[in-house]
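Work through these exercises on a chain-to-chain interface. Try each task before reading its solution.

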2 protein chains.
Amino acid sequence: MASPLINRRDLDFVLYELLDVLALTVEPRWAEHRRETFDAAIDTAHDLAVTHFRSHNAKGDRQEPSFDGERVHVIPEVKVALDAYVAAGFMAASKDYDLGGMQLPWTVAQACSAMFQAANVGTAAYPFLTIAAANLIEAFGSAEMRQRFMRPMLDGRFFGTMCLSEPQAGSSLADIRTRAEPAGEGVYRLFGNKMWISGGDHELSDNIVHLVLAKIPGGGAGVKGISLFVVPKLLVDDDGRLGARNDVRLAGVNHKMGYRGAINTVLNFGEKDGAVGYLVGEPHRGLAYMFQMMNEARIGVGAGAVMLAYTAYLAALEYARVRPQGRPVEAKDPSQPMVPIVEHADVKRMLLYQKAVSEGGLHLCLYAAWLVDRQHATTDTTERRDLTLLLDTLTPIVKGWLSEACLRANELAVQVLGGYGYTREYPVEQHYRDQRLNPIHEGTDGIQALDLLGRKMTMQGGAGWALLHDAIAAAIMRARAHDDLVPLAAQLDAALLTLARVRDRLLETMAGGRIPLALANASHFLDLAGLVVFGWMWLWQATVIASAPPTDDAEMASFRAGKLQACRYAFTYELARVPYLASLLESLDDTTLGMRSEWF
Amino acid sequence: MASPLINRRDLDFVLYELLDVLALTVEPRWAEHRRETFDAAIDTAHDLAVTHFRSHNAKGDRQEPSFDGERVHVIPEVKVALDAYVAAGFMAASKDYDLGGMQLPWTVAQACSAMFQAANVGTAAYPFLTIAAANLIEAFGSAEMRQRFMRPMLDGRFFGTMCLSEPQAGSSLADIRTRAEPAGEGVYRLFGNKMWISGGDHELSDNIVHLVLAKIPGGGAGVKGISLFVVPKLLVDDDGRLGARNDVRLAGVNHKMGYRGAINTVLNFGEKDGAVGYLVGEPHRGLAYMFQMMNEARIGVGAGAVMLAYTAYLAALEYARVRPQGRPVEAKDPSQPMVPIVEHADVKRMLLYQKAVSEGGLHLCLYAAWLVDRQHATTDTTERRDLTLLLDTLTPIVKGWLSEACLRANELAVQVLGGYGYTREYPVEQHYRDQRLNPIHEGTDGIQALDLLGRKMTMQGGAGWALLHDAIAAAIMRARAHDDLVPLAAQLDAALLTLARVRDRLLETMAGGRIPLALANASHFLDLAGLVVFGWMWLWQATVIASAPPTDDAEMASFRAGKLQACRYAFTYELARVPYLASLLESLDDTTLGMRSEWF
């Protein structure tokens, strides 16, 4: 099985036609880039992903990392892959030239990342956490901290982790107990246990930089008392030399359903004298800082979900095109040859769902990355604020809605392969298990739903919502210029109006003090808002296709026809659920809220 | 973790209140039974399932069966469990006393089976296939065949398999190539390869009886040329003694995502002189015979799906009741203690879905079993025909709709446990992987959908549909007698009318020659019909609850309140999707049908 990681024509369509990333090169920061340099980076990422990441994806799943009580064992292919990744410069893909980076727009860096996620989401987790941790230190750490910890991370010598959850506090960060005792001059001693720490221990890098949430005694209650610390596995002296082992111990390894290539650990801080930690920024502002990393990670989860769906879709498509089975429903003459299963309407349905979610999802994730680039590019503070608000509003949708939809897509990839899809001989089986994590980590989808409805829909007087609404409305307006798209534009317009009405109703309910009732069906609100955004992406794609000059190229014509059909599918089969969701939400139904524990 | 396999109060409610199985004891066949004997059988099954089946469920998953080229290795606990199962008489639970059976109604036998499926669906697969194979030989085999093969199966000395699929013909039985050359007096020599054969080789029993579909040269094309054969692993002489090894060779073992306790194999028949096989019944009627076993297996798949959902639901519920995390959305004071997650509305939503599907699904599966009992009990040929038609109509819903809904339920059980649910330390992880098989085997859900719409909705002039319609209409009428249920009755009435209207439209479309268009969205039709049947089960349950005398028992009151809330959930959240599905189906949308392979 060697189906493509991604449809490169589609990726080019997203980057250069939908998002017009070349327009970013007018900015001084990216002035040295042009299409050739973007393509070269993506080509390199693709080839590296195929050669060094996909090649051990199944093996890394079968032989998951283990801990013998002293050392962590990881199959050797992982280090080879990560060394090649570092050597090719991807750890610093978006960073400044003078930090050794490629100074790529974040959008293009994410397109490169997509290759690694598609090829091997487990191994890809190590650099992605490292990049997110480096970004956090860059944003909030001192110059000295950047020099001592961030630089070696960008060089790939140190890897990073994020240490938030604890055994008793998974989703509830207010309840973390890890404490940081002051030990002078920004140095603290940390004591506590952290759970679900990906990349928490290994020998893939010279050192590991843990970004740890802990409470300094005397701080506020709940999340207001949380501070952020850099806690290295090995202490680092002023000259950057590695010193003694810090008081951080690997207490156990979690054995997961999938995503097995990435070691996931329980870490104990301070079993002896306390783990040496360095305060990042101000005390008690740790959660606000960490949200930068979490938001980046949440968009990364959405992107990872999309790429697992995308690569599995292409594997299912390849199988469906070559696997003969059965005959057309109207001509079941057994003396005639069987047809490839891609000819069966129900198989097309399953593939269309996967195509719609994968390609629409890729568009949404790269659009989110493009918003990050625009934030950095603009000198207009109002515009920057708006871009930030819009991205914040979209984040729970990117993470929560896409991870659900992509899990469904992977489920259907297995289904297309039938019995074969259920065996470990085909990659879709692992993709499905890997995908099952995405609705859980970095805040469960239930938490994303509460974030969207309870926070993002109301923040700054609804400014984030207004920006989202206006962006969608503008896309609808552009679509109306094309006669063929008028019905789809009208359907999305109606869905957007419905979403606005539902939001009003729920916000009024909250304002009236009935917060639990308004939030009770937040998951359905996430589904509703996600569908509208999904429809937006597809209408946007259809509009660009409709605006393109005629083509004589048969493959291009097929590409465009497929896009329009996938758009039609997205609207007719998926967006069509909007009235059902709206009706449920507007009824303020209290069935779930009113259920009692003892009634189950 | 030792949550219950099933809610016994709920099982009793289904058996004794909804289905009134004690009424079956007026029949001579079951006259010696009474509630005590039924309960004793279920108690025994439960205890055996906990002691001998659940105890190695995780181990059987970790150490799946293997083949060293000579012998199959299965962990020893499987044989211990199956020996205990046989010793307790469950292999012949529903069979005649003079065959060594317990002569239980099929409904009660299925309630017993449910325990084993909940405890360990992999190990339970061996006896279930054996029972289904024995039933097939009983129905269509000669007296001599019953003596030589069926009796040792009921005694647990021989196990059975069903050999339908081939590597090139999974779902397309018309295209099987295994051929049976006549070798005199009902004896044939078989040559061919069979794929996906559960229990295809092992040393758990003295012998294995394969029921094999093959084509006798000169027969009709496609399915009309298929005959059914008994092919033992070891030949059996006239006195029942085991002889030489037959020409059946284990060619390989499939490595599955889940359901790993049950060995799944590729078998080669006739690598040497041909495998000795005995024709069952008439030549060329094999598929019709096999359909008895397939239909039984399909209902068994639905029941297995329900029990995986049910036991995972109870595990998730137990976790949710004891796991503190977070606080009420309206009172997030961090100085207050955390609440168990069962108090969060979104967790209740996930548990309510699981409860509704598990308990409603159990009801539906046992109702299907009850129809089998009524078929056997009635002396009225018209009634028997009607019962058969109704069961045939329900079969694709039991298999196809329930396996999808139960997969969703297992997905939510994992979600309730969050990160823990994703680890192999908790049973819900395995339940989810085990469940993923159910939408695939015994005819994929896509095939069930075509069976429902293309065959069951039209057979015998729509007689099966009319019976289903009338049964549901009668339940609606009964519900209307209770004021509280009038709105639910009205909702189901509307849904039933909608289903009838959609069916009419699709049948007209087929009659007009547009068969591919009418069948293109068959999966959505299955969802629609499944929702109506699901609503029927829940309205039926609510009606019986509403008719019950008042109770002072707090637990009983909670049980009833929970039932009514689950019913409300089923209608408000699930049945509410009916208009969306109907609108899609009535539009005769051709998006999937019109998609072309090259457009993907």
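Contact means heavy atoms within 4.5 Å. This is a predicted model: local features need pLDDT of at least 70, side-chain atom pairs count only at pLDDT 80 or more, and totals for chains, interfaces and linings use all residues. Residues are numbered from 1 along each chain as its sequence is written, chains are lettered from A in the order in which they are written, and side-chain values use heavy atoms, without hydrogens and water.

**Exercise 1.** Find how many residues chain B and chain A bring to the contact.

*Solution.* Chain B gives 96 residues, and chain A gives 96 residues. Next, compare the two sets. 100% of the interface residues of chain B are also interface residues in chain A, so the copies meet through the same surface.

**Exercise 2.** State the area that chain B and chain A bury between them.

*Solution.* Buried area is the accessible area (1.4 Å probe) that two parts lose on being put together, summed over both. Here it is about 8400 Å², with 58% on carbon and sulfur atoms. Tyr422(B), Tyr573(B) and Phe600(B) supply 11% of the area that chain B buries against chain A, more than any other three residues.

**Exercise 3.** Count the salt bridges between chain B and chain A.

*Solution.* Look for a side-chain nitrogen of Lys or Arg within 4 Å of a carboxyl oxygen of Asp or Glu. The count is eight. One of the pairs is Glu64(B) with Arg424(A), whose closest N and O atoms are 2.5 Å apart.

**Exercise 4.** Identify the rotation that superposes chain B on chain A.

*Solution.* Superpose by least squares on the C-alpha atoms of residues with pLDDT of at least 70 in both copies. The rotation is 180 degrees, with 0.0 Å of shift along its axis (RMSD 0.0 Å). That is the relation of a two-fold axis. In chain B, Tyr580(B) has the C-alpha nearest the axis, 3.5 Å from it.
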